[in-house]
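Subject: Structure for you to look at

Hello,

Here is the structure I promised to pass on. Please open it first, then read my notes beside it.

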Amino acid sequence: MLLFRGPHWDRGLSTDELQQVMDKVMAWFEGLNERGKIKGAQPLGGQGRVISGTDGRFVVDGPFTETKEAVGGYLVLQADSPNEAVEIARSMPTLRYGISVEVRPILAECPIFQRHPELLRRVTDPAAEQLWVAVAA
Amino acid sequence: MSTTTKSDYLLLFRGNVWDRGLSPAQLQKVVSDWMAWFERLKAEGKCTGGHPLEDEGKVVSGKQRTVADGPFAESKEAIGGYFYLTVADENEAIEIAKQCPGLEHGSVVEVRPVAEICSVKQRAEEYSKRELAGARA
């Protein structure tokens, strides 16, 4: 999964520059799509909430767009190797304008659950058990 | 015949070290609650996808396209996984986020609307429209 961080990279660009970059981004995306590398991709809206605390008692409003760390969108890649995923990330046209791309392998099971494998066998929910079996197979 | 509009939201789970300090029994409960929660949302058609992310990974940034290593496991802000929701509205997405079994152990859930169109592309189009209007005036 590629996470695109820093959604305000367009600040300070002229309309022409911005149009050029957007054309490059679209061409980049279409190229990957034609090669069958994209499993899913969406931009995220700047609004949103952050939920925390027991039973979600804290609900804080966005926006999330003002920081360089904010996630502005994601792309799920079908890459042949971790290197290919990184190379695809490196070819993203907006990198030179200050965004960063986080490249994260998608897992079949949660690392926290993996740290405690004994628990996987003890999960009581039948649906969950079925899922773990499927993962193991 | 009535039509219902559904909206898509991404839940981003932040903080992937919440298992520290939990007893095996507590952890087992969170694991089975989490799996049951995911299976229920899928069965209800409200969650169409979700994955945990591996702690390792890379960050690509800058004009030089520098590649830096993770890990992402040590931070409370790190994204540990996501759910893709298709629900009636933001309130329903928030209510679902509040049910996250990791919340009482320090997990944070970011609720983000999935956008139809990238915010930068939208701004680029607005600039062009304004310039066109300016040229006509």
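This is a predicted model: local features need pLDDT of at least 70, side-chain atom pairs count only at pLDDT 80 or more; totals for chains, interfaces and linings use all residues.

Chain A has a mean pLDDT of 82, and 82% of its residues reach 70 or more. Residues 122-137 of chain A are below 50 in pLDDT. Beyond near neighbours in sequence, that stretch still has 22 contacts in the model.

Now look at chain B, at the loop between E3 and E4. B:Arg65 is found there. B:Arg65 also has a positive phi, about 55 degrees, although it is not a glycine. Is B:Arg65 buried, exposed or partly exposed? It is partly exposed, with 16 other C-beta atoms within 10 Å. In the hairpin of E3(B) and E4(B), 4 residues lie between the strands. There, B:Gly62 takes a positive phi near 85 degrees. The two strands run antiparallel and are joined by 4 bridges. B:Lys58 has B:Asp69 in E4(B) as its bridge partner.

Next, the overall layout of chain A. It has 5 helices and 6 strands. Along the sequence the pattern is β-α-β-β-β-β-α-β-α-α-α. Of its 137 residues, 31% count as buried. Take the contacts in chain A between residues at least 6 apart in sequence: 67% of them join residues at least 24 apart.

The two chains touch. Chain A puts 55 residues into the contact and chain B puts in 52. On the chain A side, the residues divide into 28 nonpolar, 16 polar and 11 charged. E3(A) and E6(B) run antiparallel, with 4 bridges between them. A:Ser52 stands opposite B:Val108 in E6(B). E6(A) pairs with strand E3 (residues 58-61) of chain B, again in the antiparallel sense and over 4 bridges. In that pairing, A:Glu102 is opposite B:Val59 in E3(B).

Then the interior. In soluble globular proteins, nonpolar side chains tend to be buried together. The largest nonpolar core here has 43 residues. Among those with the most contacts inside it are A:Leu2, A:Val101, B:Leu11 and B:Ala97. Both chains give elements to this core, including strand E1 (2-5) of chain A and H2 of chain B. Apart from it lies another core, of 8 residues, among them A:Cys110 and B:Trp34. B:Leu11 is worth a click. Leaving out residues up to four places away in sequence, it touches B:Tyr82, B:Phe83, B:Leu85, B:Ala97, B:Val109 and B:Val111.

Last, helix H2 (residues 90-98) of chain B. Which of its residues are buried? They are B:Ala93, B:Ile96 and B:Ala97. Seen down the axis of H2(B), these fall within an arc of 100 degrees, so they line one face of the helix. An α-helix has 3.6 residues a turn, so residues three or four places apart point the same way. What does that buried face pack against? Its partners are strand E3 (49-52) of chain A, together with strand E1 (7-14), helix H1 (24-43), strand E5 (79-87) and strand E6 (108-113) of chain B.

Best wishes

Technical notes: Residues are numbered from 1 along each chain as its sequence is written. Chains are lettered from A and ligands numbered from 1 in the order in which they are written. A residue is buried if 20 or more other C-beta atoms lie within 10 Å of its own, exposed if 12 or fewer, and partly exposed in between; C-beta atoms are placed from the backbone. The arc is that of the directions from the helix axis to the C-beta atoms. Two residues are in contact if their C-beta atoms, placed from the backbone, lie within 7 Å. pLDDT is the predictor's confidence in each residue, from 0 to 100. A nonpolar core is a set of buried Ala, Val, Leu, Ile, Met, Phe, Trp, Tyr and Cys residues joined through C-beta atoms within 7 Å. Ala, Val, Leu, Ile, Met, Phe, Trp, Tyr, Cys and Pro count as nonpolar, Asp, Glu, Lys and Arg as charged, and the others, Gly among them, as polar. Two strands pair if DSSP finds at least two bridges between them.
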